[in-house]
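This report describes a ligand site and a pair of strands. The structure is shown first, and the description follows.

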Amino acid sequence: MLERVGLADMRAWSRAERARGRRIGFVPTMGCLHEGHLRLVDRARELADRVVVSIFVNPLQFGPQEDLARYPRDLARDRTLASDRGVDCLFVPEAGAMYPEPPVARVVPGAPADMLEGAARPGHFAGVLTVVAKLFHLVEPDVAVFGRKDFQQAMLVKRLVQDLDFPLTIDVMPTIRELDGLALSSRNTYLSTDERRGPALALSRALRAMEQAWRGGDADPAAVKRAGMDALAAPGVMSEYCALIGEDLQPVTRATAHTVALVAARVGTTRLIDNVVLGEGIGADPRVA
Ligand code: AMP
């Protein structure tokens, strides 16, 4: 597996590969890789001839009170996991190279970026879309693979590509979970053993409760959300939101099989998010032991 640090070196490698007729698949990450990331790699491998994974903890998408400094980093382990999974090129740019000075020009998303995660984390999606745009310019992929775990992010990236005419397609993969339903996340490493075994499971339980309320015939979003909030009201869990939105990121007036139920909550100092497509249910999501 190759590793690229310099921005120009990354672009030169991608262009050389494309000049040989190879399609480039791209998986942007913040590292601390887990099976969820690696399934995106597998998907990129299906869709392209060369797979690039980036590891970059993007300071622009963290608020001043957030966990940028303590975000888990383990490049040595990430290298082994990526290499074992057949990644062709690991792109690990330095923050000083990505942002030699605070950027004046940024990608500023519209209203759908101001709700849910955007409301909880002001400026977050401007930071995400700005770095994604930069990474797309540096890697020049034919296809980029994102996880539905970050549903609002994935849909906003789709709009970025559509609205600004980036010449690539976006593929979105289902959420990979532990056997007990917890969605894999680099931030799960913050959880204590007790938090992991108990309160952290309230999120997937809330999604199941919303799914069951809907399957039981409740199409009224308020009632479905209430079922989710009731399940989130558990010891050790500070609920933030339960929401029902469509692929267009608009709140729905009636819950359908395509509606996405989302939850966010704090467990101790760890902020967790999760979601499910009501008609699929979290039972359909792939598990790892
Ligand atoms: P991150 O490193 O958290 O920025 O995530 C990088 C990519 O991996 C994003 O597209 C995430 O949505 C995706 N991802 C994170 N966790 C999971 C998961 N449990 N299942 C599938 N994709 C995931």
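## Ligand shell

Helices, as named here, are DSSP runs of H or I with at least four residues, numbered from the N terminus. The model is predicted. On that naming, α2 gives the most to the shell around the ligand, contributing 3 residues. Elements that each supply at least two shell residues are β2 (24–29), α2 (35–47) and β5 (143–147).

In total, 17 residues surround the ligand, and the closest are M30, H37, G147, D150 and L184. Sorted by class, the shell comprises 8 nonpolar, 7 polar and 2 charged residues.

A polar side-chain atom of D150 lies 2.7 Å from a ligand oxygen atom, and a backbone N or O atom of G147 lies 2.9 Å from a ligand oxygen atom. At L184, a backbone N or O atom lies 2.9 Å from a nitrogen atom of the ligand. The ligand taken alone exposes 490 Å², of which the protein buries 93%.

## Strands β9 and β10

Strand β9 (residues 260–267) runs antiparallel to β10, and 8 bridges join the two.

Strand β10 (residues 270–277) is largely enclosed by the rest of the structure, because 8 of its 8 residues are buried. Both of its faces are covered: one side carries the buried residues T270, L272, D274 and V276, and the other carries R271, I273, N275 and V277, also buried.

Conventions: Residues numbered from 1 in each chain as written. Predicted model: local features only at pLDDT ≥ 70, side-chain atom pairs only at ≥ 80, totals over all residues. Heavy atoms only, no water. Buried < 20%, exposed > 50% of the residue type's maximum accessible area, 1.4 Å probe, protein only. Pairing = 2+ DSSP bridges. Near = heavy atom within 4 Å. Polar contact = N/O pair within 3.5 Å; in protein donor to acceptor, adjacent residues only side chain to side chain. Areas by Shrake-Rupley, 256 points an atom, 1.4 Å probe, with all protein chains shown as cover. Nonpolar A, V, L, I, M, F, W, Y, C, P; charged D, E, K, R; others polar.
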